Amino acid sequence: TIQTRQLHVKYQKPRKLHPKLRDGGPNGGILYGWDVHRQFICRKPRTIRKKKNFIGEGKPYAKGIVLKTVVKKPKKPNSANRKCVVIRLPNNKEITAYIPGEGHNLQEHNTVLVKNARLRDTPGVKATCVRGQYDLPHVVKKSK
């Protein structure tokens, strides 16, 4: 027979004891207190959040080679086209990275430094190029 225990709350069904807490000893089959049993039932498994760093754990930057330049369109309320590049990383992953600032001169086979910073309004863009490193110069100031 399955052991049950009546809760002190009115109009509540008797609950079955969790199988791991049953033993049929002198305490009426309850190894622990009823409050511990309730915690045992309500316990949710811990979910380990996966890190979203595609470069690698503990690596803030990566050097990549440009495969092609692309123009991406952002999500609904925004409308300006985003200048992006498809990059091959040292671990042979191909990702799309955003080029910040106005104007660039990136072409195929150029080298860029990439950091893990996604562009929120553009789907699929999960990295950002760093200006002033390798073949991507700083933004040129406009002359009057």
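Two strands are said to pair if DSSP finds at least two bridges between them; strands (E, at least two residues) and helices (H or I, at least four) are DSSP runs, numbered from the N terminus. The structure is a predicted model, in which local features need pLDDT of at least 70, side-chain atom pairs count only at pLDDT 80 or more, and totals for chains, interfaces and linings use all residues. Residues are numbered from 1 along each chain as its sequence is written, and side-chain values use heavy atoms, with hydrogens and water left out.

**The barrel and its pairings**

A barrel is closed by 5 strands in the order S3-S4-S5-S7-S6, with mixed pairing.

| Strands | Sense | Bridges |
|---|---|---|
| S3 (residues 61-72) and S6 (residues 111-115) | antiparallel | 5 bridges |
| S4 (residues 82-88) and S5 | antiparallel | 5 bridges |
| S5 and S7 (residues 125-129) | parallel | 3 bridges |

S4 and S5 form a hairpin with 5 residues between them, and Asn92 in the turn has a positive phi of about 65°.

**Strand S5 and Thr96**

Of the 5 residues in S5, 4 are buried, where buried means under 20% relative accessible area, exposed over 50%, and partly exposed in between (1.4 Å probe, protein chains only). Thr96 lies in this strand, which spans residues 94-98. Thr96 counts as buried because its relative accessible area is 14%. Thr96 is the bridge partner of Val86 and stands opposite Val125 in S7. Leaving aside residues up to four places away in sequence, Thr96 touches Val70, Lys72, Cys84, Val85, Val86, Gly124, Val125, Lys126 and Ala127; contact means heavy atoms within 4.5 Å.
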